[in-house]
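Colleague: Hi! Could you walk me through this one while I have it open?

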Amino acid sequence: MLSTRPTPGDTSWFVHDRFGLFIHWGTYALAARHEWVKQYEQIPDEVYDQYFRHFDPDLYDPEVWAQAAADAGMKYFVVTTKHHEGFCLWDSALTDYKATNTPYGRDVLRPMVDAFRARNLRVGFYHSLIDWHHPHFVIDDVHPARNHPERARLNAERDQRLYAEYLHGQVRELLTQFGDVDILWLDFSYPGPNGKGRDDWQSEKLYAMVRELRPRIILNDRLDLDEGWDIKTPEQFQPREWVRFNGQPVVWEACQTFSGSWGYHRDEASWKSVDQLVQMLIDTVSKGGNLLLNVGPTGRGEFDQRALDRLAGMGEWMKRHSRAIYGCTQAPEEFKVPQDCRLTYNPEKKRLYVHVFAWPFVQLHLDGFAGKVEYAQLLNDASEVKMSTPPAHQVALESEPRNTLTLHLPVQKPNVTVPVIELFLK
Ligand code: GLC
């Protein structure tokens, strides 16, 4: 078993639970063409303001969101309290740019936290370090106003330290007014001459405050600090192996979207299928990681049908296969990963799970498994899977002994997204 770099935060529940929901929600949901729309299209504040003036999610019901996440098998959620656009979902005392001042007129964060907690999901806050609305956030090369003809003059009136104070004050609100927050996800740093990093955020001071307020909170790795973070967060790609830092395996979480954009995007056509998403979850856990899968709710306050269909499809699989995910991690190295498969392993129960991505014809050969398995069954219906080891004369023909255990599978693939064989180890 790989031992991971120790974390200041409490990651014990996290590496057990494995599967969470990311929510990107803000006024960009109304533009419905990416949460970076203000930056991409260099939209000035006075124009972008139209989304604030029309933010009225009349169909918003966080109970429905929380239920969809719970039914999908998710165990925690992370919501954008503020994204780069600067809009705040809660009733912050430090700004007017918040949900309570839109036509909707209410705090949308608090009822969300309550609804998810009521279903035993842990609570995480994504909070943007970047802020394209705050008057003291110095305009850099990533800012929507980066090409403003009077950028230098505008910046002369800006004091980034005042912005950092605002940032710290809001993080304090978030960590003191919403009960036990389990995860803080700060996003993101881009150090360099025309970027922003630890000095701009006053990261060390911010870090000290976070640990003082909530010593065991799980903190991500985007504050531009070498130490102190708990999790690495690869984004929109699947790492090829267990994520490492300075050679040492770490606690990690892949964050992924359904279609590319994090915020609601009406016209995006690159939606992943349920098959791909289930495989993504399995692939992540087989490398010792977590999956944080994102929904971008609409401006009316709903998860759209494409998202609901996928969550339901994943839940259908999780209903029968979640024990190959919860409490599981990468399999010990002695077990070779068979062709077209992934392995997950529950070290406490001593069970190995073979996730079959491409259903083979009857025989599935497992190298390194001979003599180690007591019983095998299909996980979806607990039907026995017969096992055999090759006869001695056949083994003699192999150039090196492979300790192969052969499973005898039904010709027809079980009617589930990804069939799993549960192996009870001796
Ligand atoms: C990026 C993007 C962003 C998204 C985030 C999720 O840093 O700026 O829009 O929120 O990644 O990981």
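Modeller: Happy to; we can start with the overall fold, then turn to the ligand and a few single residues. Keep in mind that this is a predicted model.

Colleague: Thanks. How many helices and strands are there in the protein chain?

Modeller: The protein chain has 13 helices and 17 strands. Its radius of gyration is 24 Å, close to the 22 Å that the globule rule gives for 426 residues, so the chain is as compact as a globular protein of that length.

Colleague: And what does the C-alpha trace span along its principal axes?

Modeller: About 85 × 45 × 40 Å.

Colleague: What share of the residues is buried?

Modeller: Buried residues account for 58% of the 426. The accessible surface of the chain is about 18200 Å², and carbon and sulfur atoms contribute 47% of that. As for contacts between residues at least 6 apart in sequence, 71% of them join residues at least 24 apart.

Colleague: Let's move to the ligand. Which residues are closest?

Modeller: H24, E35, H83, H84 and E235 are the closest of the 14 residues that surround the ligand. That shell divides into seven nonpolar, three polar and four charged residues.

Colleague: Which polar side-chain atoms lie by the ligand's oxygen atoms?

Modeller: E35 has a polar side-chain atom 2.6 Å from a ligand oxygen. For H83, the distance from a polar side-chain atom to an oxygen atom of the ligand is 2.8 Å. W36 also takes part, with a side-chain N or O atom 2.9 Å from a ligand oxygen. Taken alone, the ligand exposes 310 Å², and the protein buries 95% of that.

Colleague: Nice. New topic: where is the cis peptide bond?

Modeller: The cis bond joins D187 and F188, with omega at about -15 degrees. F188 sits in the loop between β4 (183-187) and α9 (198-201).

Colleague: Which residues other than glycine have a positive phi?

Modeller: A32 is one of them, at about 60 degrees, and Q202 is another, with phi near 55 degrees. A32 belongs to the loop between α2 (28-31) and α3 (37-40), while Q202 is in the loop between α9 and α10 (203-213).

Colleague: Is A32 buried or exposed?

Modeller: A32 is buried, at 8% relative accessible area. Q202 is partly exposed, at 21%.

Colleague: Last one: where is Q377, and what does it touch?

Modeller: Q377 is in strand β14 (residues 373-378). It counts as buried because its relative accessibility is 9%. Leaving out residues up to four places away in sequence, Q377 touches several others, including R323, S383, E384, V420 and F424.

Terms used: Residues numbered from 1 in each chain as written. Predicted model: local features only at pLDDT ≥ 70, side-chain atom pairs only at ≥ 80, totals over all residues. Heavy atoms only, no water. Helix = DSSP H or I, 4+ residues; strand = E, 2+ residues; numbered from the N terminus. Buried < 20%, exposed > 50% of the residue type's maximum accessible area, 1.4 Å probe, protein only. Contact = heavy atoms within 4.5 Å. Near = heavy atom within 4 Å. Polar contact = N/O pair within 3.5 Å; in protein donor to acceptor, adjacent residues only side chain to side chain. Areas by Shrake-Rupley, 256 points an atom, 1.4 Å probe, with all protein chains shown as cover. Nonpolar A, V, L, I, M, F, W, Y, C, P; charged D, E, K, R; others polar. Rg over C-alpha atoms; globule rule 2.2 N^0.38 Å.
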